[in-house]
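Here is a short report on one protein model.

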Amino acid sequence: QVQLVESGGGLAQPGGSLRLSCVVSGRIFRVFDMGWYRQAPGKQRELVATVSDDRATRLTDSVKGRFTINRDSAQNTVTLQMDSLKPEDTAVYYCNARIRVLFYTTTADYWGQGTQVTVSS
């Protein structure tokens, strides 16, 4: 019913930048909160950043001042601009969106397949 397609992952040097993008498509009535999560090997998936349907943003402390999240409501797209990257940012990054699909009255979370971000010298 809903697809989330991520792009922009790759290899970056410490101090470098990457920009992740996630495009949501499908039988969508409304997209509420959108965000990015990440999971490093052997670790639990953690919240990185979210942006609400009124474009209020929230970032986890470890990325504040370095990452920026934005959304394009018309295109149901969320981006994560990652600057001043550190090796500890290395993880698989997952796009998330809370969505009400057409002809449904409840909402559900949908996830992308993940995109690898590696920060290494």
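## Terms and basis

Two residues are in contact when heavy atoms lie within 4.5 Å. Ser52 shows the use of the term: leaving aside neighbours within four places in sequence, Ser52 is in contact with Phe32, Asp33 and Arg71.

The model is predicted: local features need pLDDT of at least 70, side-chain atom pairs count only at pLDDT 80 or more, and totals for chains, interfaces and linings use all residues. Residues are numbered from 1 along each chain as its sequence is written, and side-chain values use heavy atoms, with hydrogens and water left out.

## Overall fold

The protein chain has 11 strands and 0 helices. Both are DSSP runs, numbered from the N terminus: helices are H or I with at least four residues, strands are E with at least two. The order from the N terminus is β-β-β-β-β-β-β-β-β-β-β.

The C-alpha atoms fill a box of roughly 50 × 25 × 20 Å along the principal axes. The radius of gyration of the protein chain is 14 Å, which agrees with the value near 14 Å for a compact globule of 121 residues. That radius is taken over C-alpha atoms, and the globule rule is 2.2 Å times the number of residues to the power 0.38. Among contacts between residues at least 6 apart in sequence, 57% join residues at least 24 apart.

## Core

Of the 121 residues of the protein chain, 42% count as buried. Buried means under 20% relative accessible area, exposed means over 50%, and partly exposed is in between (1.4 Å probe, protein chains only). In soluble globular proteins, nonpolar side chains tend to be buried together.

The largest nonpolar core has 32 residues. Such a core is a set of buried Ala, Val, Leu, Ile, Met, Phe, Trp, Tyr and Cys residues joined through side-chain atoms within 4.5 Å. The residues with the most contacts inside this core are Val24, Trp36, Phe67, Leu80, Met82, Tyr93 and Ile99. Elements that give two or more residues to this core include β1 (2-7), β4 (28-39), β8 (77-82) and β11 (115-119). β9 gives the most, with 6 residues. Which residues does Leu80 touch, not counting those up to four places away in sequence? They are Leu18, Arg19, Leu20, Trp36, Val48, Ala49, Phe67, Thr68, Ile69 and Tyr93.

## Surface

The protein chain exposes about 6,500 Å², and carbon and sulfur atoms supply 47% of it. Areas come from the Shrake-Rupley method with a 1.4 Å probe; for residues, only the protein chains shown count as cover.

Phe29, Leu102, Phe103 and Tyr104 make a nonpolar surface patch of about 490 Å². Patch residues have over 30% relative accessible area and no salt bridge; like charges are joined within 9 Å, nonpolar side chains (Val, Leu, Ile, Met, Phe, Trp, Tyr) within 5 Å. Leu102 lies in the loop between β9 and β10 (108-111). Leu102 counts as partly exposed because its relative accessibility is 31%.

## Salt bridges

The whole structure has 6 salt bridges. Each is a side-chain nitrogen of Lys or Arg within 4 Å of a carboxyl oxygen of Asp or Glu. Arg38 pairs with Glu46 at 2.8 Å, N to O. Arg38 also pairs with Asp89, at 3.0 Å, N to O. This second pair links distant parts of the chain: Arg38 is in strand β4, Asp89 in the loop between β8 and β9, 51 residues apart. Arg38 is buried at 5% relative accessibility. Asp89 is buried too, at 1%. Glu46 is partly exposed at 34%.

Arg98 forms a salt bridge with Asp109, the closest N and O atoms being 3.2 Å apart. Arg98 is in strand β9 and Asp109 in strand β10, 11 residues apart. Arg98 is partly exposed at 36%, and Asp109 is partly exposed at 37%. Shared partners join Arg38, Glu46, Arg66 and Asp89 into one salt-bridge network.

## Two positions

Ser52 is found in the loop between β5 and β6 (57-59). Buried or exposed, at a relative accessible area of 12%? Ser52 is buried, because 12% is under the 20% cut-off.

Val31 sits in strand β4. Val31 is buried, with a relative accessible area of 7%. Beyond four places in sequence, Val31 is in contact with Asp53, Arg71, Asn76, Ala97, Arg98 and Ile99. Val31 and Lys86 are 55 residues apart in sequence and 31 Å apart in space, C-alpha to C-alpha.
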